[in-house]
Amino acid sequence: MLSTIVVTSALKGAIGLVGTGLWLIPLLIAGLSYYHYDQLDPESRPIDRYPLDAEYDFVVIGGGSAGAVVASRLSEVSGWKVLLLEAGPDENEITDVPSLAAYLQLSKLDWKYKTEPNGRACLGMKGGRCNWPRGKVLGGSSVLNYMLYVRGNRHDYEHWEALGNPGWGYDEALYYFKKSEDNRNPYLKRSPYHGTGGYLTVQEAPWKTPLVVAFVQAGTEIGYENRDINGEYQTGFMIAQGTIRRGSRCSTAKAFLRPVRLRKNLHTAMNAHVTRIAINSIEMKATGVEFVRDGRRQLVKARKEVILSAGAINTPQILMLSGIGPREHLQEIGIPVIKDLRVGDNMQDHVGMGGLTFLIDKPVAIVQDRFQAAPMTMHYVANGRGPMTTLGGVEGYAFVNTRYANATGTYPDIQFHMAPASINSDAGVQVRKVLGLTDEVYNTVYRPIANQDAWTIMPLLLRPRSRGTVRLRSSNPYQAPKVDANYFDDPRDIATLVEGAKIALRVSEAKAFKQFGSRLHRIKLPGCKHLKFASDEYWECHIRHITMTIYHPVGTAKMGPEWDPEAVVDPRLRVYGIQGLRVIDASIMPTISSGNTNAPVIMIAEKGSDMIKNDWGAVVTSA
């Protein structure tokens, strides 16, 4: 969740550029300032509070996709004082421009994590490591992501409940999806699966290329329906919906915090780096949070609860720094063990295949050198329209069934992201950096077609069987944790992705794309030259080289019943064995949702907030 945030993929960079160079950014800022950008927004920016109180009822760690929602909802109870701690700064004018998502990666708003090399994946990336962007900003990864609004499959939530988590079935999840949503797509207005009037705006981008229309038509040609993939059935093709509002990004900070910025009982502290949770080891109770702000170490107390919403990497890191985690690992690092739990295990991510490129003859794709940047930028600033409104460049998505999917066809195992651009579309300016591609891969395969019209499909594995881990490198809270994605540990994962690639080729060969002269780019990857192009073996090699994280890590503080040895939190999201401590973010997912994870994380935050209110017998009044 660039979630956001989400960010999406190989598409991510090229796609996110939409013809703008770095030189254009000052022009964009100047234009937005001239048009009094902030004053046009119905709510102004959240207040960075100084000084903080010594004690609050609830302290929320992390102001991202989940934390912003939790802080907003808890502060609806006027008698509660709520503090939201965020390690990064506020959003800015650039983060609000949907097409510039790729420029946010590797910036000061990104934690800049990388996976550990495992020799099975990310082989075409420098050092054999994939970049894992995570939002270090108010709004979290919903500020960096590609804004795609995908809820997952009803079977995901039925499975969570079947694992021993009552109250997490599809009907309950749907209630909270609808609670958040303000869907502005006219054709979904009367759908029983969508909500209006919520904080989170969802709609299509106001600008699109004819390639996405062909993509949806191609889906129907090969036997899939054009349908609302967030409706009754997920399987099918659709023009993407995203969390945007009036042509700009609608992060959770903009959606949930700005409207309530003047509540007296909600304090927000930015640039506050949490170092540990204070825990009374005799009572086994969380009592407060230690953090560093402006170079000064501070401790704030929590009367009722500490809520950890720092995301699937930072949440396990903070838990382990606080003495909650696998006993052997904590002892190895030299951290006193307060509670032995399987923190940092069970990590899952939507791994995908990047770099699948289709060349076309008509000038309808996103190519950096074609756009007249200045007039395009000013059109966006003045009207909120044009190419800069694309969802990081992703225009369509689909959910398809490989031969490994379930027999009913209602639980697809591959998702497609379709974009009217590819790795070559910006002539190597940004995409290759975002992906970390080696010079050999880029120069061999993509430099020969730089700035040519192209489009891409990225197949994504919806339910990986492989499991990774997050571990501490040391007890230093400023040192990035060790992220082992463990991609393709289970051979069935790559076998499913190969089948997904073959379905993507069928889509590209449909009649709908003939009008553009669409054809597959056939230069072999350097590490796969010994294999027959387009054979199953070649596609497996391709996937292992241009391995795409879709930036959806989840599961590192697993929700489960008391008898589940892997469970870190119970079905009410309370950390086992520690009073006054909950986790409310992507970490709690027992299994990953089938699709982009930002919308499910917001749902989890909505439901978790109500659980807290119920557990404390709160009467909700407007604050």
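Searching the whole structure turns up 18 aromatic pairs. Here, rings of Phe, Tyr and Trp (its six-membered ring) pair if their centres lie within 6.5 Å, and planes under 30 degrees apart count as stacked, over 60 as edge-to-face and the rest as tilted. One of the pairs is Phe215 with Phe237, and it is tilted. This pair links distant parts of the chain, 22 residues apart: Phe215 is in helix 8 (residues 210-221) and Phe237 in strand 7 (residues 236-239). Helices (H or I, at least four residues) and strands (E, at least two) are DSSP runs, numbered from the N terminus.

Then there's Trp455 with Phe513, which is stacked because the planes are at 10°. Trp455 lies in strand 20 (residues 454-461), while Phe513 is in the loop between helix 15 (491-508) and strand 23 (519-520), so the pair ties together parts 58 residues apart in sequence.

| Pair | Centre to centre | Angle between planes |
|---|---|---|
| Phe215 and Phe237 | 4.9 Å | 50° |
| Trp455 and Phe513 | 4.1 Å | 10° |

Phe215 is buried at 0% relative accessibility, where buried means under 20% relative accessible area (1.4 Å probe, protein chains only). Phe513 is buried too, at 1%.

Elsewhere, Tyr157, Trp160, Trp168 and Phe177 make up one aromatic cluster. The charged end of Lys607 sits over the ring of Trp168, 5.1 Å from its centre; that calls for NZ of Lys or CZ of Arg within 6 Å of the ring centre and within 35 degrees of the ring normal.

This is a predicted model, where local features need pLDDT of at least 70, side-chain atom pairs count only at pLDDT 80 or more, and totals for chains, interfaces and linings use all residues. Residues are numbered from 1 along each chain as its sequence is written, and side-chain values use heavy atoms, leaving out hydrogens and water.

Terms used:
Buried means under 20% relative accessible area, exposed over 50%, partly exposed in between (1.4 Å probe, protein chains only).
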